[in-house]
Amino acid sequence: MYRILIVDDEPMIRRGLQKLVEQSELPIESLRTADNGAQAMERIQEERPDFLFTDIRMPKMDGLALCERIAEMDADIQVVVISGYGDFEYAQRCLSYGVKEYLLKPVNIKAFQQVLAKLIQNKSKISSESFVAVTKLEGWATQLEQAVWLLQEEELARLVGSMSAELSGYKLKLNRFSEVLQELYMLVHQRLKARDVFGVQDELDLQGAGSEEELLGRFEAAVSGFLQELRAKRKGKQKDPIEEAKQYMENRLAEDVSLEEVAEYVGLNPSYFSQLFKQSTNETFVQYRTRRRMEKAKKLLEQPQWRITDISGEVGYADHPHFTKTFKKYEGCLPSEYRHKMGIR
């Protein structure tokens, strides 16, 4: 489906070109017209056309100025200039703005169809050259997000370099190159946001970048910013957050450590930490803590020098009856009975 814009200040010419487009049997998504270049720019802002046919001499903004504005946009709009014999010099000047086709007035059906066929052929080439598969972007985003999550700074730099080299091979126009980086940034951002780790900005600022190198530099700086922010939240620790949490709890089994305290320690939102912990261990935070306390209690019970009342405090139970009840529920017997099983009197 193609979008076409016809620009001419003469109503009869506009209607004639519209008719030629309709007779071409081209699959049309939209066919619009404008009286002059200024109005054409408004139409382009509303909906970017694939093909634009424009007259040279028009009020407010002529065809030459319109072609110049379109060239500045670096947009994939194929422009056809329509001129009379006396405007040939102007038509030649339009070539410097990327216009590759022109038609002489009066426009005949054969010439129009030939030009239209060229436009369609060029459009197919542009589409194939500018296409970066969604699966490719998804794959890059997954790798980048993983490097950020694990605080792998060198790996992140390597991935960006590899991705940049491959992306440059697509020979994209600068505006499309920028769009692809924006899409990739959003994918990485969404994955990190799903972890509810931090509130980073939603969009990557690529405005005004004049080269692929500058665009890539801004992209890498933004993604690296994710990593630095996450590192700061984790207080510089580069372990997996769940492993960090386990170690933190292991060292404090005698204390009443809360989920919120551990989540803050590893730099995660408590709600997300709870979900991630369950996903990683197949146990809730409380279940895991209780199991580790009971495992430690068993080891201490196997050492005769430890009194059972002291063991309860050593594994975080100030209330001895509560410890005894929990141990029996976990092991199926009282702490004293467990000792007897071990042959300790």
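**A parallel sheet and its surroundings**

Both faces of strand β3 are covered. Phe51, Phe53 and Asp55 lie on one side, Leu52 and Thr54 lie on the other, and all of these residues are buried. The model is predicted, and the values that follow were computed from it. In β3, 5 of the 5 residues are buried, so the strand is largely enclosed by the rest of the structure. A residue is counted as buried when its relative accessible area is under 20%.

Strand β3 belongs to an open sheet of 5 strands. Their order across the sheet is β2-β1-β3-β4-β5, and the pairing is parallel. The edges are formed by β2 (28-34) and β5 (101-104), each of which pairs on one side only. Neighbouring strands are turned against each other by 15° on average, with direction ignored. Strands of a sheet pair through backbone hydrogen bonds, and this pairing may be parallel or antiparallel.

The pairing can be followed strand by strand. Strand β1 (residues 2-7) pairs with β2 in the parallel sense over 6 bridges. Ile4 has Leu31 of β2 as its bridge partner. Strand β1 also pairs with β3 (residues 51-55), again in the parallel sense, over 4 bridges. Here Ile6 has Phe53 of β3 as its bridge partner. Strand β3 in turn pairs with β4 over 5 bridges, in the parallel sense. Phe53 stands opposite Val80 of β4.

Helix α1 (residues 11-23) lies across β1, β2 and β4 (78-83). Its direction is at about 170° to that of β2. Helix α2 (residues 37-46) lies across β1, β2 and β3. The angle between α2 and β2 is about 150°.

Buried residues make up 41% of its 345 residues. The protein exposes about 18200 Å², of which carbon and sulfur atoms supply 48%. Contacts were also sorted by separation along the chain. Among contacts between residues at least 6 apart in sequence, 65% join residues at least 24 apart.

Helix α6 (residues 134-149) packs against helix α8 (residues 174-194) at an angle of about 50°. Their axes are 9 Å apart. Angles from 65 to 115 degrees count as roughly perpendicular and those under 35 degrees as roughly parallel; α6 and α8 are therefore oblique to each other. Their crossing is right-handed. On the α6 side, the contact is made by Leu137, Glu138, Trp140, Ala141, Thr142, Leu144, Glu145 and Val148. On the α8 side, the contact is made by Val180, Glu183, Leu184, Leu187, Val188, Arg191 and Leu192.

Backbone angles were considered next. Most residues other than glycine have a negative phi. Leu151 is not a glycine, yet has a positive phi of about 55°. Leu151 lies in the loop between α6 and α7 (153-168). With a relative accessibility of 2%, Leu151 counts as buried. Asn282 also has a positive phi, near 65°, and is a residue other than glycine. Asn282 is found in the loop between α12 and α13 (285-301). Asn282 is exposed, with a relative accessible area of 64%. Leu151 is buried, whereas Asn282 is exposed.

Helix α12 (residues 270-281) contains Pro270. Pro270 is partly exposed, at a relative accessible area of 32%. Neighbours within four places in sequence aside, Pro270 is in contact with Leu259, Glu260 and Ala263. Pro270 and Leu259 are 11 residues apart along the chain, and their C-alpha atoms are separated by 6.9 Å.

How values were computed
Residues are numbered from 1 along each chain as its sequence is written. This is a predicted model: local features need pLDDT of at least 70, side-chain atom pairs count only at pLDDT 80 or more; totals for chains, interfaces and linings use all residues. Side-chain values use heavy atoms; hydrogens and water are left out. Two strands pair if DSSP finds at least two bridges between them. Helices (H or I, at least four residues) and strands (E, at least two) are DSSP runs, numbered from the N terminus. Axes are lines fitted to C-alpha atoms, for helices over the stretch in contact, and angles run from 0 to 180 degrees between N-to-C directions. Contact means heavy atoms within 4.5 Å. Buried means under 20% relative accessible area, exposed over 50%, partly exposed in between (1.4 Å probe, protein chains only). Accessible areas come from the Shrake-Rupley method with a 1.4 Å probe; for residues, only the protein chains shown count as cover. Angles under 35 degrees count as roughly parallel, over 145 as roughly antiparallel, 65 to 115 as roughly perpendicular and the rest as oblique. A crossing is left-handed if the near helix is turned anticlockwise from the far one by less than a right angle, and right-handed if clockwise.
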